[in-house]
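Let's walk through this structure together, beginning with a pair of helices and moving on to the aromatic rings around them. Please keep the 3D view open as you read.

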Amino acid sequence: MAYHFENVKLEKGMYNQAGMTFTEVLEKADPSENYIGTALEGLDAYQRQLKRFDIKVKGAGSDMVEKFFRTTASSVLFPEYVARSVRAGMEEGNVLSSIVASTTNFEGMDYRSIYSAATEDDKTLRRVEEGTLIPTTEIKVQENLVKLHKRGRMLVASYEAIRFQRLDLFSVMLRQIGSHIMRMHLEDAIDVLVNGDGNNNAAAAFAIGTSPITGTSGSLTYAALLDFWAQFEPYSMNTLIVPPAVMLKLLNLSVFQDAAAGLNFQGTGQLINPLGAKLINTSAAPAGCIIGLDNRYALEMVQVADVNVEYDRLIDRQLERAAITSIYGFAKLYPEASCTLKI
């Protein structure tokens, strides 16, 4: 049986179609729905092209990098392989999904988020008597633009240096690049959570030993955590972002050492927080500080397109130097949904 994917014309211009990724362009030319009920069901258009040129990218039996460059057509697939490997590294251990309330895909660099301009009185859902006005909640556009940051790495390698390397091993290097890029985006997200996005919406800052937080500055107690938790009403403190040194202090609290918490941590590696919040341990958090948030309302993530690679260099020059980048930005949605605690 002849399949259409074997006759798709591949050219590097497929990477340059506005508003569409390379895979989306391939899907348009070779829809996956046409393969339902066949042996190729479950593969996307790009994976079918790998099969077309018999390129194996995973496992001990993976091909060498040079396999992509056997023909002019197959070399067009190489930038997408790089992008997918980098994207996989960005998703490994990605915690942004745990702190972001909404993700916005945006084409451009000038983005304004929205916010709810509500007073305490506006937040009260009063009973409406017959003939009286219904209370209003006004939605406004933020005064200042969301800052979008381009983060990336330069891939530097000659074709001669890597042509005989297995694609499975080369993918490890690319995933590490993706991990580094995602770490930079996480730092940006935490900075916005703490300091705001330029619209006078920094997180409320508390310190142990200063009212309303009890305790002694420099030490962490369960009572201080409870005082911090109480500041979030009407929101719910369901996520805590902490640096490693503070995580050690948390784990040394007696409430973390009961039988149930210890058994779960030793058996699954998952931490139980006595306050019910998810713990995120990262050195991207400010030293000596706990960031608490309600991840349903605190942060919006704005992303421009997908992982971008310099396809011309990867196809025509067979690597040498190629930039791998992604553009993200973050906006505060409800400032009261995130607070910081200085130990």
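In this predicted model, F78, Y81, V82, S85, V86, A88, G89 and M90 of helix α4 touch L167, F170, S171, L174, R175, G178, S179, I181, M182 and H185 of helix α7; contact here means heavy atoms within 4.5 Å. Sorted by class, the α4 and α7 contact holds 11 nonpolar, 6 polar and 1 charged residues. In that sorting, Ala, Val, Leu, Ile, Met, Phe, Trp, Tyr, Cys and Pro are nonpolar, Asp, Glu, Lys and Arg are charged, and the others, Gly among them, are polar.

A word on the ground rules: residues are numbered from 1 along each chain as its sequence is written. Because the model is predicted, local features need pLDDT of at least 70, side-chain atom pairs count only at pLDDT 80 or more, and totals for chains, interfaces and linings use all residues, while side-chain values use heavy atoms, with hydrogens and water left out.

Now for the geometry. Helix α4 spans residues 78-91 and helix α7 residues 167-195, and they pack at about 55° with axes 6 Å apart. Helices here are DSSP runs of H or I with at least four residues, numbered from the N terminus. The axes are lines fitted to C-alpha atoms over the stretch in contact, and angles run from 0 to 180 degrees between N-to-C directions. The two helices are therefore oblique to each other, the class left over once angles under 35 degrees (roughly parallel), over 145 (roughly antiparallel) and 65 to 115 (roughly perpendicular) are set aside.

Helix α4 also carries E80, which counts as buried at 7% relative accessibility; buried means under 20% relative accessible area, with a 1.4 Å probe and protein chains only. Beyond its neighbours within four places in sequence, E80 contacts Y15, F22, T23, Y46 and R87.

Which rings join into a cluster through ring pairs? They are F68, F69, F78, Y81, Y159 and F170. Rings of Phe, Tyr and Trp (its six-membered ring) pair if their centres lie within 6.5 Å, with planes under 30 degrees apart called stacked, over 60 edge-to-face and the rest tilted.

The whole structure has 17 aromatic pairs. One of them, F68 with Y81, is tilted, at 5.3 Å centre to centre and 35° between the planes. F68 sits in the loop between α2 (45-52) and α3 (72-75) and Y81 in helix α4, so this pair ties together parts 13 residues apart in sequence. Both F68 and Y81 are buried.

Conventions
Buried < 20%, exposed > 50% of the residue type's maximum accessible area, 1.4 Å probe, protein only.
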